[in-house]
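Trainee: I'd like to learn how to read a metal site and a helix in a model. Can you walk me through one?

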Amino acid sequence: MKAEPVHQVRLLDLQEIDAELDRLKHRARTLPEISEIRRLDARLVELNDQMAAAETALGDLDREQRKAESDVEQVRVRADRDTRRLEAGQVSSPRDLESLQSEIASLARRQSELEEIVLDVMERREAAEGRRAELAKAVDAAAAEREAAENRRSEAVLEIKDEVDSATQRRTRVAGEIPDDLAALYVKLREQNAGVAAAALRYGRCEGCKLALSTVELREMRSAPADEVMRCENCRRVLVRVDDSGL
Ligand SMILES: [Zn+2]
């Protein structure tokens with residue numbers, strides 16, 4: 001293939017711009033904020049699950065507390081009734097009197113046992129409320145952290161977009177100067193060679209694969225017509241002769 005030396009050098013410019021565009025796309029895909037947001041999303045799901053469990057536990061404790069309080073109330077009402085009967089002097093038989101007094105004493109013991117249960121439930125409820133408040137704080141913190149990461153990501157994406165726009169404009173200008181057949185070869189080689197289709201020969205070395213050319217290869221490069229499109233024997237990329245090729 002033939003191409004004016006100036007067009008071959010332009011191909012190196014195009015290659016440089018494409019490498020820059022590749023770097024920018026890679027940067028956009030691998031922004032640290034992306035994995036940070038993913039991590040925070042997972043954390044928020046986990047926290048919300050824990051929050052739901054804490055709400056359920058609190059609801060259960062509410063019911064347990066109401067039940068315990070109503071148990072206390074029942075015993076208290078019965079003890080009050082017995083006490084009123086005793087004070088009214090309605091019970092005259094010594095045996096009934098003894099039985100009533102024994103029941104009142106037993107109800108008092110039962111009431112204090114049940115009051116212990118109420119206190120215990122209230123303590124557990126307080127702990128559960130504390131846990132819920134802690135979780136709410138953690139959810140707020142994670143959400144704020146996520147928002148900050150999201151803002152940083154948007155900023156970085158905008159910055160990258162500006163750079164992509166400017167590189168794309170430069171690319172259009174440069175690509176317009178390159179003959180079609182050379183451009184087509186470039187596109188094909190770029191696909192085959194991890195994005196690098198053209199390289200400069202610099203100080204006797206191919207900048208694509210970094211290998212030094214042999215004496216024979218260097219002689220060929222030197223003797224080939226300037227408009228001959230040369231290829232690296234090793235990596236098959238377009239090898240462009242430049243001022244400091246060392247020929
Ligand atoms: Zn090479």
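Mentor: Let's take the metal site, then a helix, then the overall layout. Keep in mind that this is a predicted model.

Trainee: Which residues are the protein donors of the zinc ion?

Mentor: Cys206, Cys209, Cys232 and Cys235, each through SG, at 2.2 to 2.3 Å from the zinc ion. Along the sequence, these donors follow the spacing C-x2-C-x22-C-x2-C. Cysteine 206 sits in strand S2 and cysteine 232 in the loop between strands S3 and S4, so this pair ties together parts that are 26 residues apart in sequence.

Trainee: Are cysteine 206 and cysteine 232 buried or exposed?

Mentor: Both cysteine 206 and cysteine 232 are buried.

Trainee: And what geometry does the site of the zinc ion have?

Mentor: General idea first: four tetrahedral donors ideally make angles of 109.5 degrees at a metal. Here the angles among the four donor atoms run from 105 to 115°, and the site is tetrahedral.

Trainee: Which residues of H1 are buried?

Mentor: In general, residues three or four places apart on an α-helix point the same way, because there are 3.6 residues a turn. In H1 the buried ones include Leu14, Ile17, Leu21 and Leu24. Among the elements covering the buried residues of H1 are helices H3 and H4 and strands S1 and S4.

Trainee: How far apart are the centres of domain 1 and domain 2?

Mentor: Over C-alpha atoms, 72 Å. The domain assignment gives 5-25 + 179-241 for domain 1 and 31-163 for domain 2.

Conventions:
Residues numbered from 1 in each chain as written. Predicted model: local features only at pLDDT ≥ 70, side-chain atom pairs only at ≥ 80, totals over all residues. Heavy atoms only, no water. Donors = N, O, S within 2.8 Å, 3.2 Å for Na, K, Ca; no water. Tetrahedral: all angles 85-135°; square planar, octahedral: opposite > 155°, others 65-115°. Helix = DSSP H or I, 4+ residues; strand = E, 2+ residues; numbered from the N terminus. Buried < 20%, exposed > 50% of the residue type's maximum accessible area, 1.4 Å probe, protein only. Domains from an automatic or database assignment. Contact = heavy atoms within 4.5 Å.
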